[in-house]
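Subject: Structure for your files, with notes

Dear colleague,

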2 protein chains.
Amino acid sequence: MAQDGEFGLIARVTARLTAGPTCLLGPGDDAALVAAPDGRVVASTDVLVDGRHFRRDWGSGNDIGHRAAAANLADIAAMGAYPTALLVALCAPPDLDAAWAEELADGLSEEAESVGASVVGGDMSASPTLTIAVTALGDMHGLQPVLRSGARPGDVLAMAGRVGFAGAGYTVLSRGFRTPKLLVDAYRRPQVPYQQGPIANRLGATSMIDISDGLLADLGHIAKASRVAIDVHRDAFDLPDQMRDAATALGVDPYSWILGGGDDHALCATFPAGVALPAEWRQVGTVREGAGVTVDGDAWEGRLGWDHFKS
Amino acid sequence: MAQDGEFGLIARVTARLTAGPTCLLGPGDDAALVAAPDGRVVASTDVLVDGRHFRRDWGSGNDIGHRAAAANLADIAAMGAYPTALLVALCAPPDLDAAWAEELADGLSEEAESVGASVVGGDMSASPTLTIAVTALGDMHGLQPVLRSGARPGDVLAMAGRVGFAGAGYTVLSRGFRTPKLLVDAYRRPQVPYQQGPIANRLGATSMIDISDGLLADLGHIAKASRVAIDVHRDAFDLPDQMRDAATALGVDPYSWILGGGDDHALCATFPAGVALPAEWRQVGTVREGAGVTVDGDAWEGRLGWDHFKS
């Protein structure tokens with residue numbers, strides 16, 4: 001990497017990017033230009049730090065690119081919006097293999113392309129700590145954003161996507177195992193139901209969030225912002241055989257993954273009672289007057305999520 | 001910082017931010033919402049790494065906030081656009097004083113406010129390396145972006161703002177001095193002529209860039225993108241007494257600061273010959289057929305800029 005220098009590496013990486021339909025001006029100038037037909041732009045930033053949010057020995061550069069993009073694109077979807085662009089700041093040790101950075105760029109670009117967005121710009125610097133800061137932009141397409149603050153007593157809580165799979169994969173990997181594949185792959189490349197964000201918006205979702213820090217922790221943000229109580233129904237969640245078997249083998253309560261694990265980026269939204277939910281959404285709880293998040297009516301005593309300063 | 005945890009610190013920092021007119025939804029949800037009345041959004045990301053782009057013993061957190069914001073807002077101005085918003089990812093060692101992070105937020109917010117923009121979102125993580133990644137957004141107000149690629153033979157090269165001051169301040173600080181104040185302050189808080197970006201655009205600038213890596217290096221980007229030769233006129237630049245005296249005292253050619261120093265974020269633009277330039281702009285060179293950047297017709301043998309991987 002030191003061999004190429006900043007500009008050499010930027011050239012190598014940007015050569016791999018393809019501009020999507022919303023990219024009006026891509027990398028190479030002082031700034032990029034992105035379509036914002038709504039007249040408002042949705043924007044979110046997430047940073048991933050080596051050894052904390054990812055480990056290079058747990059997945060390829062490509063996997064990590066997919067994960068970094070997914071974490072950001074999911075935030076746009078959770079507003080009920082359509083992702084349009086990513087900007088990426090990469091800080092890397094001078095001895096980082098340039099091929100790894102190229103793989104990372106491929107992963108970022110592929111994940112963005114999967115939702116019609118593209119990597120439109122970024123920056124690079126040497127740093128002792130490999131760090132990936134991603135900003136995602138999105139468009140509202142004339143809709144109103146779905147906030148965390150709109151849940152109302154009587155609403156139903158529903159979820160699109162998976163939860164607990166990536167958390168289980170994280171535990172498996174951290175114990176030194178590489179299987180079951182279902183769980184490890186879920187950690188390496190989250191499968192995010194991006195399209196369901198705008199769909200929930202059009203269906204009248206009253207609040208929405210993506211599950212990145214842990215189901216109960218993230219629902220706590222909705223409960224607090226909306227000043228409501230949320231009760232989660234434990235039986236509403238899938239507990240596939242691989243997860244149950246891994247939990248038994250590792251001596252873990254599998255519901256600590258489902259209720260406390262992050263990184264799958266499922267979308268959780270509240271809807272007025274009686275809304276006909278499409279097949280991608282399942283009811284997983286209810287909204288009531290009060291405060292806080294309970295599981296089948298009781299406080300959950302297990303791990304409640306992930307604090308990037310404390311863990 | 002570890003004491004507050006990620007969410008505690010985010011709450012402390014976001015409490016200090018004020019929303020500007022373009023901020024439709026600020027920090028606290030999955031994403032922010034920013035006005036983009038043009039229907040296109042300008043976006044740029046820059047990352048600053050401790051010990052490489054800033055030193056905590058060379059300026060306050062507030063200074064570093066101003067510098068980080070300026071580096072990004074200048075990129076928006078250099079497109080001939082109006083800055084609207086900043087998003088900030090802060091990676092910090094767990095022992096970082098939370099008050100320092102608050103000062104940083106103040107500096108970022110103040111610099112953004114000075115151009116009518118605001119800090120609308122961000123992220124935080126612990127990291128061994130203090131890192132600040134900033135994304136700036138901007139609006140074109142119906143104008144077309146001024147690219148690096150539009151300079152034409154016969155154009156005049158003009159500059160708004162200062163060059164060499166921050167570079168001189170950097171040398172002064174790196175030699176252990178804290179004066180002259182003019183130079184040290186220029187390094188700590190660049191004075192960026194943001195408003196001149198859109199003004200140059202309306203005047204018909206054919207190309208534009210902000211000087212962040214060094215005058216000749218950055219003009220090299222214009223020369224290359226526009227396939228022209230640029231000749232810089234050395235006598236067109238201010239060489240104030242403090243800079244001349246500091247250069248003599250430190251045994252430095254002051255023109256290495258002016259021609260090779262970055263971080264003042266002056267705006268350089270090319271204009272069709274005959275354009276009446278406002279007082280904020282001075283002609284500093286000419287555009288000709290050919291390639292490369294010269295100084296008074298000759299190659300410059302001094303330092304040519306700043307490569308963040310090599311320096």
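**The interface between the chains**

Between them, chain A and chain B bury about 5100 Å², 62% of it on carbon and sulfur atoms, buried area being the accessible area (1.4 Å probe) that two parts lose on being put together, summed over both. Please bear in mind that this is a predicted model, in which local features need pLDDT of at least 70 and side-chain atom pairs count only at pLDDT 80 or more, whereas totals for chains, interfaces and linings use all residues. Residues are numbered from 1 along each chain as its sequence is written, chains are lettered from A and ligands numbered from 1 in the order in which they are written, and side-chain values use heavy atoms, with hydrogens and water left out.

In terms of contact (heavy atoms within 4.5 Å), 66 residues of chain A meet 65 residues of chain B. Four salt bridges are found across this interface, a salt bridge being a side-chain nitrogen of Lys or Arg within 4 Å of a carboxyl oxygen of Asp or Glu. In the salt bridge between B:Arg148 and A:Asp30, the closest N and O atoms are 3.2 Å apart. On the side of chain A that touches chain B, the largest share, nine residues, comes from strand β3 (residues 40–49) of chain A; helices (H or I, at least four residues) and strands (E, at least two) are DSSP runs, numbered from the N terminus.

Strand pairing, for which DSSP must find at least two bridges between two strands, also crosses from one chain to the other: strand β2 (residues 32–35) of chain A and strand β3 (residues 40–49) of chain B pair in the antiparallel sense over four bridges. Within this pairing, A:Val34 has B:Val41 as its bridge partner.

**A sheet in chain B**

Chain B contains an open sheet of six strands in the order β8-β10-β7-β11-β9-β12, with mixed pairing. Its edge strands, each pairing on one side only, are β8 (207–210) and β12 (292–295) of chain B.

**Backbone details to check**

The peptide bond joining A:Thr179 and A:Pro180 is cis, with omega about 5°, and A:Pro180 lies in the loop between α4 (165–174) and α5 (181–188) of chain A. In chain B, the bond from B:Thr179 to B:Pro180 is likewise cis, with omega near 5°.

Best regards
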